[in-house]
Amino acid sequence: PGLDQIGFTPKTVGGYTDITRRLLKQATPDAEAIVRDDLLKVMALEIDRVAIYGSGSEYQPKGVKLTTGINGVDFASAGAPTFAELVKMETEIALDNADVDNMSYAFNASIRGHAKTALKFPGVSGSQAIWEPGNTVNGYQTDVSNQIIAGDVFFGNWMDLVIAMW
């Protein structure tokens with residue numbers, strides 16, 4: 001097996017909001033819990049964003065998109081991948097012997113909308129949409145998040161994405 005060591009350096013994410021003394025005194029403890037929950041959601045969204053798009057500078061980790069050595073496939077029409085282009089993503093990973101059982105697609109709602117209406121094989125009688133029953137594409141699970149920039153599609157084993165928490 002090939003082994004490697006990855007060095008981690010601490011990064012910080014935080015959130016801030018003002019809460020009035022009046023709100024805390026007049027409300028039940030639920031008001032504070034709602035504010036805490038909102039702050040946690042904002043921080044979780046930022047952690048997700050930098051895991052994918054982090055610049056690697058300005059106290060951000062380097063995200064998947066900017067990591068070197070990851071295969072990429074260019075789409076002929078931005079935001080409207082064909083079935084063949086999506087299969088090419090799968091093929092590139094398989095050629096690197098990185099195809100495992102937990103592979104899945106990740107894209108935003110606009111790509112999902114495209115995949116629900118675009119045919120796998122345009123012009124072929126009986127062709128089905130790229131988006132398959134059970135929320136799959138070519139048999140692979142799909143995850144939809146609007147954290148992903150319009151036009152971007154990711155395919156891989158998300159179980160291998162490491163987010164180390166200090």
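How many aromatic pairs does the structure hold? In this predicted model, eight aromatic pairs are present. Among them, Phe107 and Trp131 adopt an edge-to-face arrangement, with a centre-to-centre distance of 6.1 Å and an angle of 65 degrees between the planes. This pair connects distant parts of the chain, since Phe107 belongs to strand 1 (residues 103–107) and Trp131 to strand 2 (residues 131–132), 24 residues apart. Phe107 and Trp131 are both buried.

A further pair is formed by Tyr140 and Phe155, whose ring centres are 4.9 Å apart and whose planes stand at 80 degrees, so this pair is likewise edge-to-face. Tyr140 is located in strand 4 (residues 140–144) and Phe155 in strand 5 (residues 153–157); the pair therefore ties together parts that are 15 residues apart in sequence. Tyr140 and Phe155 are each buried. The residues of the two pairs described above come together with Tyr105 in one aromatic cluster, formed by Tyr105, Phe107, Trp131, Tyr140 and Phe155.

Glu85 is placed in helix 3 (residues 83–95). Although Glu85 is buried, it has no salt bridge. The nearest side chain of opposite charge is that of Lys88, at 9.7 Å; a salt bridge would require a side-chain nitrogen of Lys or Arg within 4 Å of a carboxyl oxygen. When neighbours within four places in sequence are left aside, Glu85 is in contact with Val73, Asp74, Phe75, Ala76 and Ala80.

Key: Residues are numbered from 1 along each chain as its sequence is written. This is a predicted model: local features need pLDDT of at least 70, side-chain atom pairs count only at pLDDT 80 or more; totals for chains, interfaces and linings use all residues. Side-chain values use heavy atoms; hydrogens and water are left out. Rings of Phe, Tyr and Trp (its six-membered ring) pair if their centres lie within 6.5 Å; planes under 30 degrees apart count as stacked, over 60 as edge-to-face and the rest as tilted. Helices (H or I, at least four residues) and strands (E, at least two) are DSSP runs, numbered from the N terminus. Buried means under 20% relative accessible area, exposed over 50%, partly exposed in between (1.4 Å probe, protein chains only). Lys and Arg count as positive and Asp and Glu as negative; His and the chain ends are not counted. Contact means heavy atoms within 4.5 Å.
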